[in-house]
Amino acid sequence: MSTDEAHQTRPVAPAPAKTQQTDPTPSREASRVLSATSIGNFLEWYDFAVYGFLAPQIGAAFFASGDQVTDLLATFAILGVAFVSRPFGGVLFGHFGDKLGRRGTLSAIILLMTVATAAVGLLPTQASIGLWAPVLLVVCRLAQGLSAGAEFNGASTFVVEHSPHNRRGLYASSIISTVGLGIACAAGVGVLLNAVLSPEAMQGWGWRVPFLISLPLGLSGLYMRLRLSETKAFKRAEESKQISRAPVLEALRTRPKAVLILFWAAAAQGVNYYMMLSYIPNHLQVNSGMSGTAALGTAAIAELVLAAFAPVVGIYLYRVGPPRMLLAGMVGFLLMNIPAFMLFEYGTWTTALLGQSLLALCEGLLVVAYTLVQVELFPARIRFSGSALAYGLAYVVFAGTAAFVATFLADKFETPYAAPVYAMTVTLIAIAVVASWLPREYRAAKRLEDALLTASEEVR
């Protein structure tokens with residue numbers, strides 16, 4: 001059924017209570033699912049956050065132009081390069097996830113991510129091999145982008161499909177808690193290294209340590225994922241011969257509005273979040289005079305705020321409604337960006353933490369709702385591909401370039417407020433698109449899902 005056909009369908013009564021409780025995952029299996037998906041999602045965000053937090057050291061190691069702003073711009077540009085491959089990773093792994101299954105695809109994703117990240121920690125610097133150093137860095141970042149382009153969407157799909165329908169919000173929030181924990185861990189490792197190592201040691205070899213830590217974490221995650229069972233939603237699609245031959249094309253053909261909604265929602269989420277991850281910690285060091293340890297410390301605590309707040313959002317998600325919660329997060333960023341940067345101007349640890357925590361709360365509202373909405377807007381046969389495509393495209397355009405554009409605009413206009421104004425502009429466009437289309441599309445998708453679940457129960 002296409003989206004337009006769904007809109008023409010007369011509203012139906014809510015599905016029976018038994019439909020809403022279909023296929024609960026046994027507690028032991030649920031624990032294994034959450035652990036295995038969490039470690040991969042943790043690793044993805046740990047990897048990307050480490051790169052952003054260590055941008056000054058990486059810039060000096062791989063570019064060494066002698067100008068700090070130039071080195072940062074080059075480092076952030078390569079951060080953006082990783083996002084170029086994200087849509088390709090989303091399409092590639094999404095295709096296999098919808099055709100061959102979620103479990104094996106997620107295992108391949110975490111293996112690629114682990115190898116690529118550990119390789120960054122082993123690369124020679126520009127002083128050793130010249131221009132080949134940044135070239136190899138780009139190759140590693142492209143490989144990271146391929147895996148990251150599907151990890152979040154695949155993990156979200158896997159967790160939600162394994163969850164009882166009345167606890168989807170809480171299960172979805174677990175994905176976001178591990179995002180916050182992964183980034184907080186990355187920042188914490190950076191703080192620890194800056195505290196125990198001299199600036200010379202940190203620049204010489206200390207920056208490599210966080211990347212090498214990912215190797216044992218990733219191999220543990222791979223082992224855990226290989227022991228999981230496939231989701232029942234995918235098994236049902238497989239048994240009923242509903243596997244799509246070209247899931248990405250089908251998603252674009254049958255759910256174009258859903259793809260566009262998720263694109264702009266991911267744009268708002270990505271541009272604001274990567275301002276938090278990459279731009280703001282460096283802004284606090286370069287423009288507000290904070291030490292690297294203090295700036296990363298506030299970032300780590302703000303991510304712990306996100307990790308703790310996510311389950312609260314998950315509990316209330318269905319009571320408020322995922323579309324409303326999604327919009328609430330966007331409006332929060334629209335209102336809080338300027339006040340947060342005003343707090344950063346004081347240059348103290350307390351005000352920096354307060355500003356970042358305000359943004360973390362907005363992120364919690366937005367991204368927990370997004371995690372669930374991206375799964376529920378698509379039927380199982382195209383779910384992985386459709387969500388990964390929209391997410392990957394938005395991230396390559398907005399998230400991957402956020403730190404670069406913010407640094408460029410702040411330098412060009414000679415005001416730190418150019419950065420949040422840019423993020424607010426993207427957010428405002430996203431609000432207009434999501435508010436106009438999401439409520440109707442979401443209701444239609446839920447009616448279709450309830451009908452499919454009811455039919456599945458009747459067959460049984």
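Select Glu376 first: this residue counts as buried, with a relative accessible area of 2%. Here buried means under 20% relative accessible area, exposed means over 50%, and partly exposed lies in between (1.4 Å probe, protein chains only). The model is predicted, so that local features need pLDDT of at least 70 and side-chain atom pairs count only at pLDDT 80 or more, while totals for chains, interfaces and linings use all residues. Residues are numbered from 1 along each chain as its sequence is written, and side-chain values use heavy atoms, with hydrogens and water left out.

Because Lys446 lies in helix H20 (residues 418-459) and Glu376 in helix H18, the pair ties together parts that are 70 residues apart in sequence. Lys446 is also buried, at 17% relative accessible area. A salt bridge is a side-chain nitrogen of Lys or Arg within 4 Å of a carboxyl oxygen of Asp or Glu. Helices are DSSP runs (H or I, at least four residues), numbered from the N terminus.

Now select Arg225 and Glu151, whose side chains meet in a salt bridge (2.7 Å, N to O). This pair links distant parts of the chain, with Arg225 in helix H12 (residues 209-226) and Glu151 in helix H9, 74 residues apart. Arg225 is buried at 1% relative accessibility, and Glu151 is buried at 0%.

Move on to Glu161 and Arg102, another salt bridge (2.7 Å, N to O). Glu161 belongs to helix H9 (residues 132-162) and Arg102 to helix H7 (residues 102-120), 59 residues apart. Glu161 is buried at 9% relative accessibility, and Arg102 is buried at 1%. The structure holds 8 salt bridges.

For the last stop, turn to the cavities. A cavity is a set of points on a 1 Å grid over the protein atoms alone where a 1.4 Å probe fits but cannot get out, and its lining residues have an atom within 4 Å of a point. There are 2 cavities of 30 Å³ or more, and the largest cavity holds about 50 Å³ of space. Select its lining, which includes Trp45, Phe152, Gln269 and Glu363. Helices H10 (168-196), H15 (256-286), H18 (349-376) and H19 (383-413) each give two or more residues to this lining.

How values were computed. 1 Å grid on protein atoms, 1.4 Å probe; cavity = no way out; pocket = protein on both sides within 12 Å on 5 of 7 lines; lining within 4 Å. Points joined across faces, edges and corners; volume = space filled by probe spheres on them.
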